[in-house]
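Hi,

Here's the structure I promised to pass on. Have a look at it first, then read my notes below.

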Amino acid sequence: MPHIQLTLLIGSHAQQHYLGTRESLTATVRRFADFLPAVLPLVHPSPLNFRWLAKNPWYEAEVLPQLRQRVRAALA
């Protein structure tokens, strides 16, 4: 797969493995811009994450628009 434009790292296990980070999921996702344009760390889209999403409104305001933009660009 030589033309991979975006890698989505969903959840702390994927982020720890591929980024080598030992910080919390929240801290890694909060620094999402540090990993762009090739990698985007995300929270698992489980409905069980409603508490995390409620405590971190910046995720929907900052990260999800970047996700939408990057996916659109990769599919174009």
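What follows is a quick run through what turned up.

First, the ground rules: this is a predicted model, so to speak of a local feature I needed pLDDT of at least 70, side-chain atom pairs count only at pLDDT 80 or more, and totals for chains, interfaces and linings use all residues. Residues are numbered from 1 along each chain as its sequence is written, and side-chain values use heavy atoms, with hydrogens and water left out.

Let's start with the aromatics. The whole structure has 3 aromatic pairs (ring centres of Phe, Tyr or Trp, the latter by its six-membered ring, within 6.5 Å; planes under 30 degrees apart are stacked, over 60 edge-to-face, the rest tilted). Tryptophan 52 and tryptophan 58 pair edge-to-face, at 5.8 Å centre to centre with 75 degrees between the planes. Tryptophan 52 also pairs edge-to-face with tyrosine 59, at 5.4 Å and 80 degrees. Trp52, Trp58 and Tyr59 make up one aromatic cluster. Tryptophan 52 and tryptophan 58 are both buried, and tyrosine 59 is buried too (under 20% relative accessible area; exposed is over 50%, partly exposed in between; 1.4 Å probe, protein chains only).

Trp58 and Tyr59 also turn up in the largest nonpolar core, which has 13 residues; Val29, Leu40, Leu42 and Val63 join them as the residues with the most contacts inside it. (A nonpolar core is a set of buried Ala, Val, Leu, Ile, Met, Phe, Trp, Tyr and Cys residues joined through side-chain atoms within 4.5 Å.) Strand E2 (39-42) and helix H4 each supply at least two of its residues, and H4 gives the most, with 5. (Helices, H or I with at least four residues, and strands, E with at least two, are DSSP runs numbered from the N terminus.) Leaving out residues up to four places away in sequence, tyrosine 59 touches Val29, Leu42, Val43, Trp52, Leu53 and Leu64 (contact: heavy atoms within 4.5 Å).

Asparagine 56 sits in the loop between helix H3 (50-55) and helix H4 (58-75). Its relative accessibility is 10%, so asparagine 56 counts as buried. The asparagine 56 side chain reaches the backbone oxygen of tryptophan 52 at 2.8 Å. Glutamine 66, in helix H4, counts as buried because its relative accessibility is 18%.

One last thing to check: the peptide bond from leucine 36 to proline 37 is cis, with omega near 10 degrees.

Cheers

Key:
A polar contact is a pair of N or O atoms within 3.5 Å; within protein, one must be able to donate a hydrogen and the other to accept it, and residues adjacent in sequence count only if both atoms are side-chain atoms.
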